[in-house]
Amino acid sequence: MADILVVAELAEGKVKKTTHSAIAFARDAAQGSGGTFSILALGAGVAAAAAQLTGFGAAKVIVADDAGLAGYVCERYAPTVVAAAKAGGFGVVVATASAFGKDLLARVAGQLDAGYAADISQVKAEGGKLAYRRPMFAGNAYGWCSIDTATQVVTVRQSEFSPAEPSGGASPIEAFAVAPPCAGAERIEFVSFEQVKSERPELGEASVIVAGGRALKEKFKDVLDPLADLLGAAVGASRAACDAGYAPSDLQIGQTGKIVAPKLYLAIGISGAIQHLAGMKGSKVIVAINKDADAPIYQVADYGLVADLFQAVPELVTAVKAAKGA
Amino acid sequence: MKILVPLKRVADPDNANKIKIAPDGAKIDTTGLEWKPNPFDEYAVEAALRLTENGATPKVRGGEVVVVTFGPKEADTTLRQMLATGADRAVRVDTTDDALDGSLVARALKALVEREKPDLVLMGKQAVDGDSNQVGQILAELLGWPMATFAATLQEEAGALLVGREVDGGVITLRVKLPAVVTVDLRIVAPTSVYSLATARTHKYADGVRFSALPAIMAAKKKPLIEVPLAELSPDTSLRIAYSKFEPPPVRKAGVKVPDVAVLVDKLVNEAKVL
């Protein structure tokens, strides 16, 4: 039996959608191992976010609210996660494998001297013991692993765990004192968070993604933006397009970039390198538009259109407008 | 500045489709795969070179770059490659590839850091085989040092680094006083990503990592490379995570080719029902 502690990811006082995937994991794992799960909300001014988290069936919502946690710095967050894990006797500490989760939980694992399974895609319970499945080698193999340390640390791949829906009820809220920062924390200063201003959804949260490859050249925005605007889609890019400077690097989709699984993924002028496919092949419906009929992207695409993208995409915009108007 | 760069050799990620799983699923069969430095670690070496030079005179080292890897004798090749690009010395922690996990590597690196006393440990954010993304963070914790992961930019200040971290939705800028652990992301090798105190802010590097000229490759054969047994750095060589089985990824079945945009839209609306 293992009780599970979910570390919520919060931003501007709200719960980020990434958190719901970690909750989905916790529900599965708690059920499989016969334990319960609780959620830790930590940050500055997190009362409202904590209240939002009470509707997911957690045994409790643990709140560590402190002005010193304004501006995320791992060295100030990790000790409180560790303290909460120890105080509650939790057997598993989990977060979603976002930039936040990957940064924080590895250090938490270090502090607990715990085994850490990163970016897992599946959990199963075998005789009360948890086994984790992880994509490795750019998605070319999956490994099943287990951890024997007293506490286990796990991050979950957002695209592989459908976001948990609220289940009703009201978990009790428990205030928790913030622990002193890690050694060395006084040598680190949070300078700024420069948010990329965008009217569009974040890649991890979008239900439609329009992604472009190197074939778009300098026309990357001109070609993709009208289609993305029309579909309310996030814009993504292949590594080749980012490396060539046609798209900013934070748009990169792939094993080492963003991992996405939207309802609809449109790959425009993307040939489909292995590491790109690893970042998007969990998408529900994949459309590929490419001039090269033999491009590997067609091996994963539900619908392939072999065409010159500079003609096909504007045509697609017109046709979708017509279809939506009908 | 003295910089320690841990690096890992990995099966060439561009040939990863050749990865074979042993029939009983017990292990990944790496025979016949071409070994390459983990790309993110290669970027860390490039960033370390940029931090220890004036960009205008890249052959003059204004600090020391020590590269370290874990593996059998054959892993020396990877270290020599890095010495050829400009690193000064190399350490190979002698072990087999499969006797390691992130925690053990971090524990051994901690002992090595205590011997070498670098100002900075600079490494890739993850290795592209295990994709675990954890050694830098665990090492920082064990050392009690500040850390900055996923660095896209590095600017040297007196006794400190200004680090731009690529995170979801933007860039977090941290100032870390040395010594510190920094892990790097893809964009760290862009032309204006890294500035030492000596390099003019107007300097632009060539995109990517530098190539080694033949004389440098020859000279690298004479640079110091020492071997240290793993157990000397970490008497506790136990692993925290155990793999029991590997399996190939599920195959996604290829769909259909459509003749034109009109059919595509019709399929998306009426068949897939996603528009």
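**Exercise 1.** State how many residues of chain A and of chain B are in contact, and how much area the two chains bury between them.

*Solution.* Begin with contact, which here means heavy atoms within 4.5 Å: 85 residues of chain A touch 79 residues of chain B in this sense. The model is a predicted one, in which local features need pLDDT of at least 70 and side-chain atom pairs count only at pLDDT 80 or more, whereas totals for chains, interfaces and linings use all residues. Residues are numbered from 1 along each chain as its sequence is written, chains are lettered from A in the order in which they are written, and side-chain values use heavy atoms, with hydrogens and water left out.

Next take the buried area, the accessible area (1.4 Å probe) that two parts lose on being put together, summed over both. For chain A and chain B this comes to about 6,800 Å², with 57% of it on carbon and sulfur atoms. Within chain A, the residues that lose the most area to chain B are A:Phe137, A:Arg187 and A:Tyr303, together 12% of what that side buries.

**Exercise 2.** Find how many salt bridges are counted between chain A and chain B, and describe the one formed by A:Arg133.

*Solution.* A salt bridge requires a side-chain nitrogen of Lys or Arg within 4 Å of a carboxyl oxygen of Asp or Glu, and the count between the two chains is six. In one of them, A:Arg133 is joined to B:Glu247, with the closest N and O atoms 2.7 Å apart.
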